[in-house]
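Here are some notes for a colleague who is opening this structure for the first time. They are meant to be read beside the sequence and the model.

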Protein chains: 2
Amino acid sequence: MTTILSDLEPQKIVHQPKDNALLNVLPTEVFERLYPDLMLVTMPLGKVIYESGVELEYVYFPVPGCIVSMLYVMTDGASAEIAVVGNEGILGIALFMGGGTTTSRALVQSAGQAFRLKGKILMEEFERHGGLQTLLLRYTQALMTQMSQTAVCNRHHSLEQQLCRWLLLSLDRLSTNKLTMTQELIANMLGVRREGVTEAAGKLQARGLISYSRGRITVLDRPGLEALVCECYAVVKKEYDRLLPAKRISSAGACVVDC
Amino acid sequence: MTTILSDLEPQKIVHQPKDNALLNVLPTEVFERLYPDLMLVTMPLGKVIYESGVELEYVYFPVPGCIVSMLYVMTDGASAEIAVVGNEGILGIALFMGGGTTTSRALVQSAGQAFRLKGKILMEEFERHGGLQTLLLRYTQALMTQMSQTAVCNRHHSLEQQLCRWLLLSLDRLSTNKLTMTQELIANMLGVRREGVTEAAGKLQARGLISYSRGRITVLDRPGLEALVCECYAVVKKEYDRLLPAKRISSAGACVVDC
DNA sequence: TTCGCTGTGTTCGTTATCGTACATAGTTGT
DNA sequence: ACAACTATGTACGATAACGAACACAGCGAA
């Protein structure tokens, strides 16, 4: 396995596959089959991992610090984030779901690293219908919950609450409390104006919940954010915890039925 | 197989399993295994098919005319539609995805009928890893596209455009151009005020695209609606067509890889 | 040091939608 | 025919977010 360190990664930590939650809970036997084909790659900020309608060649298992947004870009150029994927998940579910492509773009929102795997290798393992399949389908259901709740949140909640949700979702996928992220970028993700983000972020800063300057956001008071955020955050978080237990899950297919 | 006719169904058509698009494209061999356990049931308007967090016992394959909304209900009672399921799909994907429950409620939005199947029977077939699994996973991906696009639409498009999208999605799942649906109900689905729907529907009626009175909506000019609707409708429709071809798909697992 | 770029702050008029309140018109049951 | 109810219509101020324009501030490069 080749290890490539990113210039953008300040701490120069050499990540292990187990840093990705899905790889971590795979049955040992499955993990060992995939291990030789896992390759650590850098994920620079702004890189398009896959584009709407383009066939996927690889899947990616991000490690903490790397966050990838799935966003839909409209014909007029406006965009909206559908879901976010970090070290709790995998990029490229369209592969095993059967479509091969999605209508959304995957864009690196926070630079970091990910373990890359050839789609073909993943599919071979998926088709053994063991622990990997069970796990990936459960992950996909969690992702669907995130998408649903994004729709609900877009409909009903204020920009300020959505920003809180977005910050908390990001924080959960990082190893620090500092985000490297301009307001412009956040606005693109949330599908709102940059000025709107400035105003909402200003309010959060005034309350002492965050501090930021020129693309560097530090979360100072996470409980404070959690007090302000809408229920959408907790709904999604709870569903991830339910569907993807931190401990290893059974590789028996029967688990699908009785869980 | 027992046939129960709904009092609400005006035409008294006896539906066949093949009226559901998924059942229709199953490999013959698979279909014949499921056939004895399919039961036609009525789906009255307003019935809750499954509730957030409650374990599913059955899955349902609606036939044309029956439409079920998946909606999220917030703690304050406000709601928003996540996706809609008709004769193109199946209700109860949480069963085979492994979660067993979802965070949304499934509510009959247009009365009709559906073929009901015990979850256990579906799972036995799913775990044969043949045509049914391939098909259901592809359907799930299409459903995810619908959810995503709902999020995008909620973010960026006007109520009038969303109403057009909603009408077209409904129309696609009906066998007529008449919907039985009050503006109040539509408002709950779209997560907006009833007055807003009145206004938007009034505009559509003024343009001669629809006519309505007291819960009966007739679409007079479908191309007119399609000219007015945002891109979200077409994106979803195209993805359903791509993922779920009308003709029977291969039962070979390999299809998952090369499609 | 100075320039120029990028990121943030601010303002102002506009618009869509909201919340509330109430009016009117079909429809149903007696 | 009448009452009661349900569905739709309308109006009005409030509000959140928009679009556009511009000011300013930090920071790196020449």
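1. The surface near DNA strand C draws at least two residues from each of α7 (183-190) and α8 of chain A and α8 of chain B, and it is α8(A) that gives the most, with five residues. In this predicted model, 19 residues surround DNA strand C, and the closest of them are A:Thr182, A:Gln183, B:Ser158, B:Leu159 and B:Gly196. Sorted by class, this surface has four nonpolar, eight polar and seven charged residues.

2. Around DNA strand D there are 18 residues, of which A:Ser158, A:Leu159, A:Gly196, B:Thr182 and B:Gln183 come nearest. The elements that give two or more residues here are α8 (194-206) of chain A, together with α7 (183-190) and α8 (194-206) of chain B. With five residues, α8(B) gives the most to the surface near DNA strand D, and the residues of that surface divide into four nonpolar, seven polar and seven charged.

3. How are the two protein chains related? Chain B is superposed on chain A by a rotation of 180° with 0.0 Å of shift along its axis, at an RMSD of 0.0 Å. The two copies are therefore related as by a two-fold rotation axis. In chain B, the C-alpha nearest this axis belongs to B:Ala151, which lies 1.8 Å from it. Both copies use the same surface, since 100% of the contact residues of chain B recur in chain A.

4. Turning to the interface between the chains, 41 residues of chain B are in contact with 41 residues of chain A. On the side of chain B that touches chain A, at least two residues each are supplied by β5 (79-85), α3 (93-97), α5 (131-156), α10 (231-243) and α11 (255-258) of chain B. The largest share, 15 residues, comes from α5(B). By class, the residues on this side of chain B divide into 19 nonpolar, 17 polar and five charged.

5. Chain A holds an open sheet of four strands in the order β2-β6-β4-β5, with antiparallel pairing. The edge strands, each of which pairs on one side only, are β2 (48-50) and β5 (79-85) of chain A, and the twist from one strand to the next averages 35°. Strand β2(A) is joined by two bridges to β6 (residues 105-110) of chain A, the two running antiparallel; A:Tyr50 has A:Ala106 in β6(A) as its bridge partner.

6. Which helices lie against these strands deserves a separate look. Helix α7(A) packs on the sheet and touches β4 (67-73), β5 and β6 of chain A, its direction making about 95° with that of β5(A). From the other chain, α5(B) lies across β4 and β5 of chain A and runs at about 135° to β5(A).

7. Is B:Val236 buried or exposed? This residue is found in helix α10 of chain B, and B:Val236 counts as buried because 26 other C-beta atoms lie within 10 Å, where 20 or more are required. Leaving aside residues up to four places away in sequence, B:Val236 touches B:Thr145, B:Gln146 and B:Gln149. The C-alpha atoms of B:Val236 and B:Leu169 are separated by 9.3 Å, although the two residues are 67 residues apart along the chain.

Technical notes. Residues numbered from 1 in each chain as written. Chains lettered and ligands numbered in written order. Predicted model: local features only at pLDDT ≥ 70, side-chain atom pairs only at ≥ 80, totals over all residues. Near = placed C-beta within 6 Å. Nonpolar A, V, L, I, M, F, W, Y, C, P; charged D, E, K, R; others polar. Least-squares fit on C-alpha atoms with pLDDT ≥ 70 in both. Contact = placed C-beta atoms within 7 Å. Pairing = 2+ DSSP bridges. Axes fitted to C-alpha atoms, helices over the stretch in contact; angles between N-to-C directions. Buried ≥ 20, exposed ≤ 12 C-beta atoms within 10 Å, placed from the backbone.
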